[in-house]
Amino acid sequence: MSVVALVGAQWGDEGKGKITDFLAREADCVVRYQGGSNAGHTVVDGGRKYMLHLMPSGILYPDKLCVIGNGVALDLAILVEELKTLESQGIDTSNLRISNRAHILMPYHKKFDELQEHGGRQLGTTRRGIGPAYADKMERVGFRLADVMDTDFPARFAVLVREKNRILQRLYDHAGYDHEAMLDKLLGYVEYIQDYIADTSLLVNQVIDKGRKVLLEGAQGTLLDIDHGTYPYVTSSYPTAGGACIGAGVGPTRISRVVGVAKAYSTRVGEGPFPTELDDEAGSHIRERGAEFGTTTGRPRRCGWLDAVVLRYAARVNGLTDLAITKIDVLDEMDTVKICVGYRWRGKIIQEFPDSLRILQDCEPVYIEMEGWKTSLSGCRTYEELPTAARRYIDQITELTGVRHCLIATGPERNQTIVTNEVFARK
Ligand code: IMP
């Protein structure tokens, strides 16, 4: 049995798409387990760039079972569009399966997200309807793909749309939705994806039973987790390793390794505390060199030094067994590089990631400063080929987190990945 859960160890955008794509080569099955079209991953293959939002990165491999799990919030319009785009690029999508228990993200979810952001809530969401869709799921008024097949679905849908319209009209002065037009569209989308719909928990567990390799792919990151993140500046799902079990329908005893993907520096999009944020030339340099602009929204990402307090926290709440370190080449031109090892707050040094937003906002990061390597890492193919200063930086991360590294990415291409430890068990 070899089941690897892959999670973001920071605030999302850690380069999970590239690492998933790399590990997917070895896996027999790749499962996306939470989030929705708020995610955006870019996979570069042979100079060709694929921008994916809902699709698991494994979709580019026709021989892998590729699953959208029950934990994903499904925007059917985006899903169908993404499928059509992939098909037009010659990608075979017949290996895709979508959970019958996945909740559908409706047009009114997007509208509520937009209106709430405009209305002063200002969490800096992607406005993809994520919060409202998961809220309906928890409130037990959401609709799963399986529900659409039920004969009473049109009637239940009509009642709910009427209720949503009342809120939209009274609170937001919005005209509301024509439920029949929405239903027609919805049924059209469901018909389009009909052949992909399955009991995916059953399928994935069957793959595991056969001793095959499964990769559970998280979106966003640990610090955006609804429970473990910097609440309320979080997303509305569970990007952490526990979420992999829930969102894929796989028990915790079946997971063999948990890989945290960490960028060699930190970024964050949207609002919320970010202790190591850089508001200077170094921050702008990282943003430009690292192309730190949102895949989904195009927003410039906030950039800062690597934060080992965050990584230790991610190691704890996810039970990380491995770290995949990405985009280290972005730091190639730095004279010195810094890692935050604690937060100074009211004369004390805090070493465990705090729950208080006030502390996170007001603290001063305590850094260790290291010599930069001042040379391009993009051609390095083994750990030994890395310059000493880069190796020292990586070793420092291992020492500070207590987690071994398994992969080091030195550029966007598949072959710009150094394997330092295997994560899938050899057969
Ligand atoms: P939501 O997920 O659209 O509700 O947004 C909530 C917060 O999570 C915002 O700060 C977003 O910028 C952030 N967020 C959501 N998805 C991603 C992602 O894929 N990468 C980075 N940040 C994200």
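Is aspartate 13 buried, partly exposed or exposed, and what is its relative accessibility? Aspartate 13 counts as partly exposed, at 25% relative accessibility, where buried means under 20% relative accessible area, exposed over 50%, and partly exposed in between (1.4 Å probe, protein chains only). The model is predicted, so that local features need pLDDT of at least 70 and side-chain atom pairs count only at pLDDT 80 or more, while totals for chains, interfaces and linings use all residues. Residues are numbered from 1 along each chain as its sequence is written, and side-chain values use heavy atoms, with hydrogens and water left out.

The side chain of aspartate 13 forms a salt bridge with that of arginine 301 (3.2 Å, N to O), a salt bridge being a side-chain nitrogen of Lys or Arg within 4 Å of a carboxyl oxygen of Asp or Glu. Aspartate 13 lies in the loop between strand E1 (2-8) and helix H1 (16-24), and arginine 301 in the loop between helix H10 (281-289) and strand E13 (302-304), so the pair ties together parts that are 288 residues apart in sequence. Helices (H or I, at least four residues) and strands (E, at least two) are DSSP runs, numbered from the N terminus. Arginine 301 is buried, with a relative accessible area of 6%. Both residues belong to a network of salt bridges that also links Lys263, Glu292 and Lys327. The count of salt bridges comes to 23.

A second pair, lysine 213 and glutamate 26, meets at 3.7 Å (N to O). Lysine 213 is in strand E10 (residues 213-217) and glutamate 26 in the loop between H1 and strand E2 (29-32), 187 residues apart. Lysine 213 is buried at 8% relative accessible area, whereas glutamate 26 is partly exposed at 27%.

Around the ligand are 16 residues, of which Asp13, Asn38, Thr126, Thr235 and Arg299 come nearest; a residue is near if one of its heavy atoms lies within 4 Å. Domain 1 (2-90 + 199-419) and domain 2 (103-195) both give residues to this shell, so the ligand lies between them; the domain bounds come from an automatic or database assignment. An oxygen atom of the ligand is 2.9 Å from an N or O atom in the side chain of asparagine 38, and one is 3.1 Å from a polar backbone atom of valine 269. The protein buries 96% of the 470 Å² that the ligand exposes when taken alone, by the Shrake-Rupley method with a 1.4 Å probe.

Note on methods: Polar contact = N/O pair within 3.5 Å; in protein donor to acceptor, adjacent residues only side chain to side chain.
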